[in-house]
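Student: I would like to go through the labels on this model and ask what stands behind each one.

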Amino acid sequence: MSGNLTPQQTSERLMTALAQNWGPEALVRLAGDIMDNPVAVGDTSLTILFTSGNMPEGVPMTHPGMIPPKFTTDREFIKYNEDAYYDDAPIITPPQFGGYRTVLTRLKVHRQIVGYMSVLLAAHGLRENDMERIYLIRTAIEVELGKNTSALSQPPRPWEFTLKKLLSGADNPLQNNADLTISLGIDKNVRLYVLVFKMLGYSRANTPGLAIRRELLSLTGSKISVLYEGNIVIIRQGMLHLEPALTPPYPGLDTFLKKYGIVCGISTGFGQITELREHYLKALDTIAYFAPGSGAGVYKYESAAVFLLLKKHPPAGKRADYCHPAVLALKAYDARAHTNYTHVLRLYVENEKNTQLTASKTGLSKASVYRILERIKKITGQSLESPGTLFNLYFSILLLEQQEDHDA
């Protein structure tokens, strides 16, 4: 059996494969044969790119995924990833899937860490000379990757350069909103959101990678993402419910984020892609506000905006001094007429202007909601069509409610 090869015989087989240009995938299959254990190679995000093909049944390493396949806690995932990243020597993890331990070691090309090699101790544990074989295999794979430095990287998506430029705030007078909408493949006249995903245990060793990005795109129903400043930034088109824990597919998203220790900040809605940086910063503000106390999960800027404003600009007087006059007029009308129009407006915004949902949550008919909205327009003198105006009204309602809670 290949597993009984001496280090010299192992070296000869690897050298032959390198000389004949088998390629990284075939080399990894050979490594699995030599180790008589499954071998996988992935990028620096632990996303599997090549496997030896002799994975045991029930271990999800025969397709792109994470290596090692599963740690018992998020902290262990980060710990062993960092240990392998910063230490030249291979590390051995505790038992994981099926009670298997994993040998994890980094791969370097031209002095740069480009990925990891994983040996799953499924058929047997470490034997005499196994560590020496692992060093030889690692060296051979590094040489093979050095022939083609793109083997562990994915070609950039056409929109990534444009998105990074927009997120950085760089000016480009040649790119107006129409040009950007076309170049990014974004639908016209569709509301946009920025979703920023940040790993709470972020370090250089566990940079979010393709496997996580693909999953997040799927869970949020989005098509465009970019890795920027160590964060996964997703541009979401269309309706985004403000109750992610209750609305599909967000229960899955919330579970996924908590599993991997990721916090998500969601900006307010906007229509001009040229405003991307402003809304990216809003999403980051939300993360900065919620992450220290609340941890992993999904949070919206609207939930933090009041508190962020008051933290930066503590009011000397009442919260009402910071409110939109139209909301003060609406509150005054409610007090005089014993109506609840302010509450209806809040629910209308929170349900993405969905009158059916607003009606069901207020116990009113859909026709009644339409009549109330028309009354609100007359009382406030405001159009409820503009996203900016609608958010200012909503923000002021939250501000007043906080004042009422404080006074109570």
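Tutor: Buried means under 20% relative accessible area, and exposed means over 50%. Keep in mind that this is a predicted model.

Student: Why is Cys264 called buried?
Tutor: Its relative accessible area is 0%. The cut-off is under 20%. Cys264 therefore counts as buried.

Student: What makes Cys323 buried or exposed?
Tutor: Cys323 has a relative accessibility of 10%. Buried means under 20%, so Cys323 counts as buried.

Student: How many disulfides does the structure hold?
Tutor: It holds 0 disulfides. A disulfide is a covalent bond between the sulfur atoms of two cysteines. The test here is a pair of cysteine sulfur atoms within 2.5 Å. The count by that test is 0.

Student: What share of the chain is buried?
Tutor: Buried residues make up 51% of the 408 residues.

Student: Is Glu385 buried or exposed, and how do you know?
Tutor: Its relative accessibility is 52%. Exposed means over 50%, so Glu385 counts as exposed.

Student: Where does Glu385 lie, and which residues does it touch?
Tutor: Glu385 lies in the loop between helix H14 (366-380) and H15. Leaving out residues up to four places away in sequence, Glu385 touches Lys353 and Lys377. Contact means heavy atoms within 4.5 Å. The C-alpha atoms of Glu385 and Lys353 are 9.3 Å apart, and the two residues are 32 apart in sequence.

Student: Why are S2 and S3 said to stand at the edges?
Tutor: Start with the order. The open sheet has 5 strands, S2-S1-S5-S4-S3, with antiparallel pairing. Strand S2 (48-51) and strand S3 (91-92) each have a single partner strand, so one side of each is left without a neighbour in the sheet.

Student: How do you know that S3 pairs with S4?
Tutor: Pairing needs at least two bridges. 2 bridges join S3 to strand S4 (residues 101-109), so the pair meets that definition. The two strands run antiparallel. Ile91 has Leu104 in S4 as its bridge partner.

Student: Now the second largest pocket. What is its volume, and which residues are closest to its centre?
Tutor: The volume is about 370 Å³. Of the 19 lining residues, Arg191, Gly269, Phe270, Gly271 and Pro387 are closest to the centre. Helix H15 (387-407) and helix H9 (276-294) are the elements that give two or more residues to the lining. H15 gives the most, with 4 residues.

Student: How does that lining divide by class?
Tutor: It has 5 nonpolar, 7 polar and 7 charged residues. Gly counts as polar in this scheme.

Note on methods:
Residues numbered from 1 in each chain as written. Predicted model: local features only at pLDDT ≥ 70, side-chain atom pairs only at ≥ 80, totals over all residues. Heavy atoms only, no water. 1 Å grid on protein atoms, 1.4 Å probe; cavity = no way out; pocket = protein on both sides within 12 Å on 5 of 7 lines; lining within 4 Å. Points joined across faces, edges and corners; volume = space filled by probe spheres on them. Buried < 20%, exposed > 50% of the residue type's maximum accessible area, 1.4 Å probe, protein only.
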